[in-house]
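I opened my notebook to look up a few things in this structure. I began with a surface spot and then turned to the strands.

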Amino acid sequence: MTSTRTLIDNDYQAVPYTYCKKWNDRELKFARTVIFTVEEINRENKLLPNMSLGYRLFNGCGSENLIRAAVEAISGENSRGCSGRIQALLGHSSSGVSKAINIILSPLSIPQVSHLSTCACLSDKRQYPTFFRTVPSDRYQIIGLVQLMKYFDWRWVGIIYTVAFYSEKGTSEFTKEAQKEGICVEYKLPHSKTSKNKLNTIVETLRKSSSKVVLLFMSLSYTKSFLSEMENFNITGKQWLGSESWITQADLSSVERKNILHGAMGFALPEASIPGLGEFLLSLKPSDEPQSAVIKGIWEKFFDCSFSPSNTSTMCTGTEDLRTVSSVYTDVTHFRAENNVYKAVYLVAYALHILLQCKNGSNPTTGKPCVNKKEVHPKLVLEHIKYVNFTTQNGAKVFFDENGDSVAQYDLVNWQMKEDGSVEIVKIGHYDTSFPDGKKFKLKDNIKIVWGGNSNEVPRSVCREPCPPGTRKAMNKFKPVCCFDCFECPEGTISNQTNSPDCLICPPEFWPNEKKDQCLPKPIEYLSYKEIMGALLTGFGCVGVFLSFLTSIIFLTHKETPIVKANNSELSFLLLFSLKLCFLCSLTFIGRPSEWSCMLRHTAFGITFVLCISCVLGKTIVVLMAFRATLPGSNVMKWFGPAQQRLSVLTFTLIQVVICVLWLTISPPFPKMNMKYYKEKIILECALGSAVGFWAVLSYIGLLAVLCFILAFLARKLPDSFNEAKLITFSMLIFCAVWIAFIPAYVSSPGKFTVAVEIFAILASSFGLLVCIFFPTCYIIIFRPEQNSKKHLMGKIPPRTL
């Protein structure tokens with residue numbers, strides 16, 4: 001019940017006695033609550049008819065006197081209101097003292113019920129078999145604190161504790177639970193009432209640390225000492241969390257401590273209403289307990305007076321009114337720890353009630369033989385406490401699990417301090433272990449929360465911000481688990497979750513976006529009519545068709561003129577038709593490849609070009625034959641007349657048709673998505689199917705072109721009237737040059753440029769044939785009509801001297 005003591009030396013002749021200098025009014029409040037509850041039970045006479053409870057209160061000053069009091073309690077000395085040995089011991093508030101007391105009580109099977117010893121270690125029934133408590137184990141408070149930090153995403157915290165049983169065990173338990181939820185402790189600093197070095201270390205660490213949340217896990221007396229020292233330092237920017245031992249003690253507040261305690265949070269024992277207790281506490285007078293030094297000492301402290309004559313203070317009358325005093329004892333608006341004292345007394349009463357029940361010669365609860373009140377002893381009380389399950393008059397449920405722990409219920413409170421240093425401790429939520437998972441912890445709706453560190457928003461306390469999508473999380477073995485590293489996902493991979501441990505490879509048809517947090521379908525590339533290059537090539541192809549058509553009209557209009565006849569009008573019209581097909585064939589290469597377009601574009605290209613070259617080859621042969629026919633005795637033209645010319649063109653073309661049919665039958669071209677050339681996009685192209693078929697088509701065209709070039713080259717020096725051979729030679733030279741250059745360009749061009757190169761080669765060679773073979777003739781027809789006469793042409797024929 002005291003905080004300051006002096007040890008009296010008894011010369012080793014007796015157990016040392018501690019003389020107390022300061023009185024603890026909170027402990028007096030607990031003692032008076034015991035008296036109130038016992039009197040209430042005895043007065044109602046329903047729970048224990050024909051039987052009264054007695055009590056004996058022991059004052060202790062530190063653990064030595066408290067343990068001595070426990071020894072005296074079980075020694076059999078008369079208790080107030082009853083005689084004989086005690087049946088149960090209530091107390092103590094301190095976990096360390098309760099531990100020591102239970103070591104004494106356990107061999108004697110005397111039950112001990114604590115109202116405020118919260119250390120989780122006391123749940124170990126192997127070490128503390130007779131220990132029970134009406135206050136929740138710290139394990140539940142620690143789990144609640146961890147859930148609170150998890151809720152607000154406070155992953156990087158500091159702890160300040162004391163080198164004491166309650167604080168050390170609680171800190172150790174918290175560290176383990178926090179680690180399970182991925183919460184890291186930046187520092188754990190012990191506080192001492194006497195060590196200045198430890199205080200300096202705490203202050204320096206608080207100023208340098210990156211964590212914004214600090215858990216102050218220590219008993220009330222140590223908290224008072226810690227805050228009285230910390231108020232001298234300007235420590236700001238921290239969100240303080242407190243344990244239930246001090247978080248509801250409004251007398252800790254002051255103007256100097258506002259920068260620390262403003263916005264503090266913690267779990268507190270739930271508020272309760274105990275009818276009549278407030279009036280009972282405030283009606284206390286020293287005359288009620290004239291032998292009590294404790295009451296006299298506290299009375300002198302409350303009213304700054306003295307019962308002994310003194311020159312420094314006024315005399316106490318004993319009639320002063322406690323309602324005029326502001327202290328822990330006189331705060332009777334709500335009860336928290338007092339409710340646990342209230343439940344503890346009722347617990348023993350209910351255990352006795354169950355023990356003394358008798359029906360048909362046996363106990364209805366246990367089935368054992370009945371026991372009368374003279375046979376009651378602590379071991380029987382201990383056995384029957386385990387069966388207790390009741391509800392007090394204020395609605396509190398009391399029962400125990402296998403570890404002697406009761407249901408854990410807490411209020412989450414928030415310190416909202418005012419300018420004058422006073423505080424309003426506001427309930428902002430609750431934590432109840434009787435609720436199902438996911439509903440144990442809950443904040444109130446529409447409740448105002450004040451945050452520590454002068455922040456208007458929830459403080460952010462992490463060692464490292466979460467790795468955003470697009471990166472992966474990597475642990476650093478030299479740092480705590482919360483201080484991880486974030487690395488950008490490699491090319492072609494994504495992460496679509498925060499703190500993803502791995503990056504996922506996108507499927508082949510997909511590619512990451514810029515943020516690398518999702519896979520998007522790769523853009524499909526092909527030569528389209530809508531893009532500039534496709535539109536230009538389409539335009540050139542259409543121009544070629546128009547010029548071929550215009551040339552055909554010119555030739556058709558002037559087909560009876562000598563120059564048209566001299567150029568073999570039938571083969572010329574067939575050549576113009578094939579050139580139209582060549583220009584149109586280039587358009588099949590533009591647009592989205594499909595199964596039919598892939599087969600059409602290559603076969604149409606091969607057949608139309610062979611038809612075109614066949615016509616040119618026929619014209620070349622005709623020129624040579626015509627020259628031969630002018631020689632005396634020559635009969636060559638009958639072997640290559642119009643029928644033979646048509647047959648030669650048809651034969652040459654049919655050979656290409658056969659090659660194309662075999663190609664389409666064995667392994668035709670087909671649309672293919674090429675994902676190898678570019679990583680970030682798909683090239684939609686026409687695969688050749690059989691490469692042999694493709695190169696066979698090109699080789700056959702090339703063979704005819706070379707043959708045509710050779711024959712035209714041989715006829716280049718024929719008379720001027722047959723100068724078409726020169727034009728054919730030049731056109732074949734352009735044709736061969738274009739297609740020779742096409743091969744390396746085709747092989748090395750990427751994507752749609754491969755198709756563009758192929759179209760360019762088709763258009764260039766077609767324009768070469770059209771311009772070189774037909775434009776000179778068209779020029780004479782349109783602009784030099786005087787040269788388009790038989791006389792003019794015949795005038796240029798040299799004498800036949802050969």
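**Entry 1: a partly exposed residue**

I looked up Ile-710 and found a relative accessibility of 43%. That value lies between the cut-offs of 20% and 50%, so Ile-710 counts as partly exposed. I note that this is a predicted model. Ile-710 sits in helix α18, which covers residues 691-714.

Which residues make a nonpolar surface patch with Ile-710? I found Val-706, Phe-713 and Leu-714. The patch comes to about 360 Å².

**Entry 2: strand β9**

Next I went to β9, residues 239-242. Are its faces covered or open? Both are covered. Gln-239 and Leu-241 are buried on one side. Trp-240 and Gly-242 are buried on the other. I recalled that side chains in a regular strand alternate between the two faces of the sheet.

Then I checked the partners of β9. Strand β8 (residues 213-217) runs parallel to β9, and 4 bridges join them. Here I saw Val-214 opposite Trp-240. Strand β10 (residues 265-268) also pairs with β9 in the parallel sense, over 2 bridges. There Leu-241 stands opposite Met-265.

With helix α7 (residues 220-230), the two strands make a right-handed β-α-β unit.

**Entry 3: the whole chain**

Last, I stepped back. I counted 21 helices and 26 strands in the protein chain. The chain has 802 residues, and 50% of them count as buried. Its accessible surface is about 39000 Å². Carbon and sulfur atoms hold 58% of that surface.

Conventions:
Residues numbered from 1 in each chain as written. Predicted model: local features only at pLDDT ≥ 70, side-chain atom pairs only at ≥ 80, totals over all residues. Heavy atoms only, no water. Buried < 20%, exposed > 50% of the residue type's maximum accessible area, 1.4 Å probe, protein only. Areas by Shrake-Rupley, 256 points an atom, 1.4 Å probe, with all protein chains shown as cover. Patch = residues over 30% accessible without salt bridge, like charges linked within 9 Å, V, L, I, M, F, W, Y side chains within 5 Å. Salt bridge = Lys/Arg side-chain N within 4 Å of Asp/Glu carboxyl O. Pairing = 2+ DSSP bridges. Right-handed = clockwise from strand over helix to strand, strands pointing away.
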